[in-house]
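Please prepare a briefing on the structure shown below, with the cut-offs behind each term stated alongside the values.

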Amino acid sequence: GHCRLLCKPSALAQHLVRSLGRSAALRGGRWPWPRWPQLQMLWQLLQPPEPEPVVARELLQLPDAGVVALDWLVGPWGAAGGGGGVSSPVLLLIPNAAGKVTGGLQQLGLRALERGFIPVIFNRRGHNGCPLTTPRLQPFGDPGDLREAVTYLRCRHPSASLLAVSEGSGSGLLLAYLGESGSSSCLAAAACLSPIFRGRDWFEAGMPWLYEWPLLLHLKQGLSRYAGALAEVVDMDRLLGSRSLWELEETLFCRTRSRPTSWECYWERNEPLRDADEAAVPVLCLCSADDPVRGPPAQSLPRELFRSSPYFFLLLTPHGGHCGFPRRRPGRCWAHEAVLEYFRAMAEFLRTEERRKGLPRPR
């Protein structure tokens, strides 16, 4: 389907090429207007999931008394329906950095639920109705809260494989976590849909106003709910008067009253790929060459990383927009099917390697 897989040659890469090559997700049923990435993105964002998902929310308290929310997708059948067994793989879904749970992400969760996964959405502090119990939000690439959530999921499902998928700018959090955690990440595999690889460059370049202003408004609406608590640490007038995502991010995390820092120092600690060489978990990054949000491929895709690391795989398609990848057949987004096929292929490869080497399955 005109997709290209860029990666370092390995046995895992060969297996992945064979599996994705057989997958029907990458064949046919394409969007009738492939050269309109803006329309593809809006179509995916405005279409509600079918059927409407039912979620069960769980609040997880963190060591500093902060709270994140885990939304377990239990399907459109209510709390008694759907879901996998005790050892079914757990799929952690990470929304974009603004905390917007899109219809596409919910649709991916429902597709995973139908295939026996246990999907759960990770909501950052203060995002998507999660209460803000401390005057602190999560920086762009700080994986501390995500690490606590993964640890909790491992304790709750000790015999299940843990998988993770991120969408858009939320991939900065997942990539940072994989780099910082290395071989201790507790994840068996991960995938990123339309990821933002270079955070600072992305903020400084800005997005077309069609995307930046709605996202900026969404963030301001969420932050205004906690104006009283946040006023202790940031200038709320300046924050709510921000005219770009760059200005809002800098005001929120650099121009604080207690611990001000520079824009340069902030990104030294929050660039998604700062520890990419330490990652020890297979990661599939599904990107479109015409992504209007990420930017031109020549500047925004770290191709050398995919050529040198045995753990990073880039599935590059010429058309698809930002988190769009639409098709006319049921399912609407062929990237969802590709990601689920990738996870199936990874599990198959790991089982084969265990049998070949005679390794006991980890408890």
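This is a predicted model: local features need pLDDT of at least 70, side-chain atom pairs count only at pLDDT 80 or more; totals for chains, interfaces and linings use all residues.

Residues are numbered from 1 along each chain as its sequence is written, and side-chain values use heavy atoms, with hydrogens and water left out. The protein has 14 helices and nine strands, these being DSSP runs (H or I with at least four residues for helices, E with at least two for strands) numbered from the N terminus.

**Overall burial and contacts**

- Of the 363 residues, 55% count as buried, where buried means under 20% relative accessible area, exposed over 50% and partly exposed in between, with a 1.4 Å probe and protein chains only.
- Among contacts (heavy atoms within 4.5 Å) between residues at least 6 apart in sequence, 76% join residues at least 24 apart.

**Aromatic pairs and a charge over a ring**

- There are 15 aromatic pairs, counted when ring centres of Phe, Tyr and Trp (its six-membered ring) lie within 6.5 Å, with planes under 30 degrees apart taken as stacked, over 60 as edge-to-face and the rest as tilted.
- The pair of phenylalanine 140 and tryptophan 267 is edge-to-face, because the ring centres are 5.5 Å apart and the planes stand at 65 degrees.
- Since phenylalanine 140 lies in the loop between S5 and H4 and tryptophan 267 in helix H11, this pair ties together parts that are 127 residues apart in sequence.
- Both partners are buried, phenylalanine 140 with a relative accessible area of 2% and tryptophan 267 with one of 3%.
- Phenylalanine 325 and tryptophan 334 also form an edge-to-face pair, at 5.4 Å centre to centre and with 75 degrees between the planes; phenylalanine 325 counts as buried at 1% relative accessibility, and tryptophan 334 does so at 2%.
- One aromatic cluster is formed by Phe140, Trp202, Phe203, Trp246, Phe253, Trp263, Tyr266 and Trp267.
- The charged end of arginine 156 sits over the ring of tryptophan 72, 4.4 Å from its centre, the criterion being NZ of Lys or CZ of Arg within 6 Å of the ring centre and within 35 degrees of the ring normal.

**Helix H10**

- Helix H10 (residues 245-253) is mostly covered, with seven of its nine residues buried, namely Leu245, Leu248, Glu249, Glu250, Thr251, Leu252 and Phe253.
- The cover over these buried residues includes helix H6 (199-205), helix H7 (209-224), helix H9 (236-240) and helix H11 (263-270).

- The whole structure holds two cavities of 30 Å³ or more, a cavity being a set of points on a 1 Å grid over the protein atoms alone where a 1.4 Å probe fits but cannot get out, with lining residues having an atom within 4 Å of a point.
- The largest cavity has a volume of about 40 Å³, and its lining consists of Ile94, Pro95, Asn96, Gly99, Phe122, Asn123, Arg124, His127 and Asn128.
- Histidine 127, in the loop between strand S5 (118-123) and helix H4 (144-156), is buried with a relative accessible area of 15% and, leaving aside neighbours within four places in sequence, is in contact with Ala97, Ala98 and Gly99.
- The second largest cavity has a volume of about 30 Å³ and is lined by Trp202, Phe203, Gly206, Met207, Glu212 and Leu245.

Conventions. On a 1 Å grid over the protein atoms alone, a cavity is a set of points where a 1.4 Å probe fits but cannot get out, and a pocket is an open set with protein on both sides within 12 Å along at least five of seven lines; lining residues have an atom within 4 Å of a point. Grid points are joined across faces, edges and corners, and a volume is the space filled by probe spheres set on the points.
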